[in-house]
Amino acid sequence: MSNFINTSGIYPWSPGHGTQLVHPDDLERFTKLFPRERVFQAVDERDGYLTLKYGTESFRVRPDLYRPVTGVAFRIGDLVEVSGAQPPKSGVIGEVNWHFKNREPIYYLSFNGKPSSRRYSPGELLPHSPEGRITKEQE
């Protein structure tokens, strides 16, 4: 058993690494996801497989390639605010990917149900506050 449970991480797999690293029942869906750049949540480990979540999807993989990462403040489905946006702008996290050069997550949002192609760095987003906007000083 590893200590990966409840961590965020990347799984830089491609078919060239071999299909034996992905559970046969999950292989087709995992391949279509293009997992190399995604940030997953490790949620379980059993029978030699690590279960990774990406949004509502779960995939079983061998832990060999899993690398935990830090600085992941938001998950898919989280409601966030764009820092400093005028007028105030809230969106839902639609994708969480990894920026390898900057070594930080990048987020893609949906606004009013429509996906945006703009990517956001961690410093550009704040947790949504139902009581009103959160300022940097309140964090």
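Of the 139 residues of the chain, 39% count as buried, that is, they have under 20% relative accessible area with a 1.4 Å probe and protein chains only. The model is a predicted one, in which local features need pLDDT of at least 70 and side-chain atom pairs count only at pLDDT 80 or more, while totals for chains, interfaces and linings use all residues. Residues are numbered from 1 along each chain as its sequence is written, and side-chain values use heavy atoms, with hydrogens and water left out.

From the N terminus, the order of elements is β-α-β-β-β-β-β-β-β-β-β.

Five strands form an open antiparallel sheet in the order β9-β8-β7-β6-β10, where pairing requires that DSSP find at least two bridges between two strands. Because β9 (114-120) and β10 (125-127) stand at the edges with a single partner strand each, one side of each is left without a neighbour in the sheet. Neighbouring strands of this sheet are turned by 50° against each other on average, direction ignored; the axes are lines fitted to C-alpha atoms. Within the sheet, β6 (residues 79-82) and β7 (residues 90-99) pair in the antiparallel sense over three bridges, and V80 stands opposite G91 in β7.

For the chain overall, the C-alpha trace spans about 50 × 30 × 30 Å along its principal axes. Among contacts (heavy atoms within 4.5 Å) with a separation of 6 or more, 51% are accounted for by residues 24 or more positions apart.

Note on methods:
Helix = DSSP H or I, 4+ residues; strand = E, 2+ residues; numbered from the N terminus. Axes fitted to C-alpha atoms, helices over the stretch in contact; angles between N-to-C directions. Buried < 20%, exposed > 50% of the residue type's maximum accessible area, 1.4 Å probe, protein only.
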